[in-house]
Amino acid sequence: MRQENARILSHEGIAQETYRLVLHCPQIAHAAQPGQFVHVLCGTKPLRRPISICRAEGDALTLVYGVRGEGTAWLSERVPGEELNLLGALGQGFPAPASDAPILLVGGGIGTPPLLDCAHRFAAPFDAILGFRSATQVILEDEYRAVCGAVAVCTEDGSHGTKGFVTAPMQEWLAQKKYAAVYACGPTPMLQAVAGLAKELGVPCFVSLEERMACGVGACLTCVVKIRVSGAEDYLRVCKNGPVFHAEEVVWA
Amino acid sequence: MNFLETVFCGVTLKNPVVAASGAYGFGRDYTDFYALEALGGISCKGTTFAPRLGNPPPRIAETAAGILNSVGLQNPGAAHFIEYDLPWLRAQNTVIIANAAGSSVEDYVENVALLAAADVDMIELNISCPNVKEGGVAFGTSCASVEKIVSAVKKVCPKPLMVKLSPNVTNIVPIAQAAEAAGADALSLINTLTGMKIDVAHRRPILHNNTGGLSGAAVLPIAVRMVWEVRRATQLPIMGMGGVTQWQNAAELILAGANAIQMGTAIFADPYAPLKVIYGLAEWVEREGCNNISELSGQVRPW
């Protein structure tokens with residue numbers, strides 16, 4: 001992990017309140033593993049903003065983020081040529097598949113970006129189920145189609161793809177095909193449902209979690225989630241022990 | 001010439017900049033950025049005798065020029081700290097301050113006895129944590145309880161005992177005097193100020209604990225004022241803290257009467273912030289024509 005000043009190569013809106021930021025950031029890009037994140041300094045804000053890495057390729061790092069508050073609003077106004085101060089690559093990402101058995105990616109909303117690099121960089125075949133509230137929020141569909149076998153897109157209001165939640169196609173696919181694991185990222189209720197379904201069908205599941213964060217490097221113990229560690233419940237750090245956890249160890253709130 | 005070397009109640013700090021308790025864990029997490037020997041010292045994460053799980057998340061909220069935290073003293077316990085973290089820390093060539101918290105007088109005494117017998121340089125007595133139900137700030141807000149706990153702890157503490165004061169009081173001066181009368185060797189101030197932030201859309205406090213401790217640039221003027229008030233009431237060494245982000249902030253605390261300073265919140269935005277402050281302070285001392293920073297402590301010229 002290191003601090004790096006990253007030059008903005010391109011920055012564009014790709015859906016409602018959602019932006020794609022491509023950075024020249026060689027040191028972090030080369031170190032990054034699928035599922036890790038960077039901690040972005042946003043002007044004079046006291047706290048950095050954790051943003052998952054969507055793609056690390058050569059010297060370039062691609063981040064896809066949603067505008068949530070003042071920090072990400074500031075970020076959305078930055079233009080190519082400007083520099084951003086990042087800490088990265090942080091956290092424990094998704095596990096490298098142990099075999100060439102297929103893996104199912106399940107992403108929801110702004111949780112879809114960090115799964116993409118798994119399909120690019122791990123050798124195993126990947127399928128993907130992506131869920132969004134409506135068509136105006138759909139992101140990265142073409143990017144997933146380019147690197148995955150089967151891709152399903154669902155929207156809650158049915159304005160794009162299949163109407164409904166990601167769990168409907170997930171149940172169908174897990175019954176039809178033998179997957180080695182499910183890798184998921186998205187809102188907590190979705191992750192809880194995905195984890196429950198994977199457990200029911202006996203497929204190992206890894207989830208990328210989110211919590212309000214300060215230091216990003218493991219020191220301050222603010223971004224904790226409740227995890228069962230050898231039978232006992234403990235608060236572990238999303239920034240250091242995660243963001244990716246084995247779903248069966250997560251104690252859902 | 002060593003502009004920054006500071007002798008603080010008998011302990012030699014290579015510079016007066018110490019990582020503040022809670023912001024820096026036990027130091028390991030920042031070693032990818034720089035060697036810890038660059039720092040004057042580390043005040044370790046608040047440690048209790050028994051392990052503590054801490055408060056449910058969310059534990060952090062951002063405010064105007066500050067943050068609120070409600071970690072609630074999550075820590076692995078004093079024995080774990082001594083066995084797993086202290087030997088590593090000792091090898092980092094910096095001063096180690098153990099921050100001791102507790103929930104009753106007996107608990108504090110047992111904890112400090114264990115920590116002070118270990119290979120630490122100093123004890124910082126945390127009687128000012130605003131995020132725990134029992135103990136913490138409850139001990140730090142009345143003169144009688146400060147005197148009671150400091151005198152009890154002092155009996156089992158062969159190391160220098162620094163008492164960390166809460167700003168959540170009507171008048172901090174009698175509290176500082178009570179700590180001194182009970183045998184404190186030094187004072188550190190200020191801990192965080194109790195605050196609250198509400199998510200208007202959801203009508204919910206951001207913090208699961210509802211309230212938390214405010215730190216960061218927003219609290220610096222309060223810290224400077226309180227260090228100045230306490231300096232005029234006691235001769236004890238003072239470690240000043242609260243919102244130090246750049247060297248000028250540290251210089252304010254020194255001029256107000258601090259002998260050393262701590263930094264916490266600023267490290268979250270910039271892990272290198274303490275090193276920049278150290279560099280800036282050394283230049284300041286030289287520019288002022290002094291041989292050592294101690295010559296500038298308390299040298300504010302009040303109106």
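I take helices, of at least four residues, and strands, of at least two, as DSSP runs numbered from the N terminus. The model I am reading is predicted.

**Entry: the cavity in chain A**

I count one cavity of 30 Å³ or more. I listed the lining: A195(A), A198(A), K199(A), V203(A), P204(A), C205(A), A247(A) and E248(A). By class I get six nonpolar, two charged and no polar residues.

**Entry: the sheet in chain A**

Next I traced the strands. Seven of them make an open sheet in chain A, in the order 10-9-8-7-11-12-15, with mixed pairing. I find strand 10 (162–163) and strand 15 (244–246) of chain A at the edges, each pairing on one side only.

I checked two of the pairings. Strand 12 of chain A, residues 205–208, runs antiparallel to strand 15 of chain A, and three bridges join them. There F206(A) has H246(A), in strand 15, as its bridge partner. Strand 8 of chain A (residues 126–132) and strand 9 of chain A are parallel, with five bridges between them. One partner pair here is F132(A) with T155(A) of strand 9.

**Entry: strand 9 of chain A**

I then asked why strand 9 of chain A, residues 151–155, counts as largely enclosed by the rest of the structure. I take buried as under 20% relative accessible area. Five of the five residues of strand 9 of chain A are buried, so the strand is largely enclosed. I also sorted the side chains by direction. V151(A), V153(A) and T155(A) point one way, A152(A) and C154(A) the other way, and all are buried.

**Entry: helix 3 of chain A**

How many of the nine residues of helix 3 of chain A (113–121) are buried? I count seven, and the helix is mostly covered. They are P113(A), P114(A), L115(A), L116(A), D117(A), C118(A) and A119(A). For their cover I noted strands and a helix of chain A. It includes strand 4 (49–57), strand 5 (60–66), strand 7 (103–108), strand 8, strand 11 (181–185) and helix 4 (141–147).

**Entry: helix 6 of chain B**

I moved to chain B and tested a helix length. Helix 6 of chain B, residues 220–231, has 12 residues, which at 1.5 Å a residue should span 16 Å. I get 16 Å between its end C-alpha atoms, so the two agree.

Which residues of helix 6 of chain B are buried? I list L220(B), A223(B), V224(B), M226(B), V227(B), V230(B) and R231(B). I kept the helix geometry in mind: with 3.6 residues a turn in an α-helix, residues three or four places apart point the same way. The buried residues of helix 6 of chain B pack against helix 5 (172–181), helix 7 (247–256), strand 10 (186–189) and strand 15 (238–241) of chain B.

**Entry: the second largest pocket**

Last, I looked at open space. The second largest pocket holds about 870 Å³. I find 48 residues lining this pocket, with I67(B), S215(B), G264(B), T265(B) and F268(B) nearest its centre. Strand 6 (66–69), strand 14 (211–215), strand 16 (260–263) and helix 8 (266–269) of chain B each give two or more residues to the lining. Helix 8 of chain B gives the most, with three. By class the lining of the second largest pocket has 23 nonpolar, 21 polar and four charged residues.

How values were computed
Residues are numbered from 1 along each chain as its sequence is written. Chains are lettered from A and ligands numbered from 1 in the order in which they are written. This is a predicted model: local features need pLDDT of at least 70, side-chain atom pairs count only at pLDDT 80 or more; totals for chains, interfaces and linings use all residues. Side-chain values use heavy atoms; hydrogens and water are left out. On a 1 Å grid over the protein atoms alone, a cavity is a set of points where a 1.4 Å probe fits but cannot get out, and a pocket is an open set with protein on both sides within 12 Å along at least five of seven lines; lining residues have an atom within 4 Å of a point. Grid points are joined across faces, edges and corners, and a volume is the space filled by probe spheres set on the points. Ala, Val, Leu, Ile, Met, Phe, Trp, Tyr, Cys and Pro count as nonpolar, Asp, Glu, Lys and Arg as charged, and the others, Gly among them, as polar. The expected span of a helix is 1.5 Å times one less than its number of residues. Buried means under 20% relative accessible area, exposed over 50%, partly exposed in between (1.4 Å probe, protein chains only). Contact means heavy atoms within 4.5 Å. Two strands pair if DSSP finds at least two bridges between them.
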